[in-house]
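Me: I have a structure open and would like to learn how to read it. Can we go through it residue by residue?

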Amino acid sequence: MLARIYRPAKTAMQSGKAKTKDWVLEFEPASALRSDPLMGWTQSSDMNGQVRLTFETREEAVAYAQHNGLAFQLFEPKTPKRIIKAYADNFAAGRRQPWTH
């Protein structure tokens, strides 16, 4: 049973950074999802797929995994590339594409 420890990225549906400061421990799926023949819903016999633990720091998550004897894989967060822009740049004289109506 392999666990993943990571810091979640912000979703594309929000501009804020809510729920991205905590570290998450999730288990890798032990079996593939199956489709229910009657309803078409996906199902799995793996109950560990429902477990999602959150920790304030990476060290707490790693300590929890080591204390419970869990094999884990640690994913470091990627820092976003910031592009500093100003509204006045739309009207700059050295703009690559001319601004027109």
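Me: Which helix does Ala65 lie in?

Reply: Ala65 lies in helix α1, residues 58-67. Helices (H or I, at least four residues) and strands (E, at least two) are DSSP runs, numbered from the N terminus. This is a predicted model: local features need pLDDT of at least 70, side-chain atom pairs count only at pLDDT 80 or more, and totals for chains, interfaces and linings use all residues. Residues are numbered from 1 along each chain as its sequence is written, and side-chain values use heavy atoms, with hydrogens and water left out.

Me: Is Ala65 buried or exposed?

Reply: Buried means under 20% relative accessible area, exposed over 50%, partly exposed in between (1.4 Å probe, protein chains only). Ala65 has 0%, so it is buried.

Me: What is Ala65 in contact with, beyond its neighbours within four places in sequence?

Reply: Contact means heavy atoms within 4.5 Å. With those neighbours left aside, Ala65 touches Ile5, Leu25, Leu70 and Phe72.

Me: Where does Glu26 lie, and why does Glu26 count as buried?

Reply: Glu26 is in strand β2, residues 23-27. Its relative accessibility is 16%, so Glu26 counts as buried.

Me: What does the side chain of Glu26 make a polar contact with?

Reply: A polar contact is a pair of N or O atoms within 3.5 Å; within protein, one must be able to donate a hydrogen and the other to accept it, and residues adjacent in sequence count only if both atoms are side-chain atoms. The Glu26 side chain makes one with the side chain of Arg52, at 2.8 Å.
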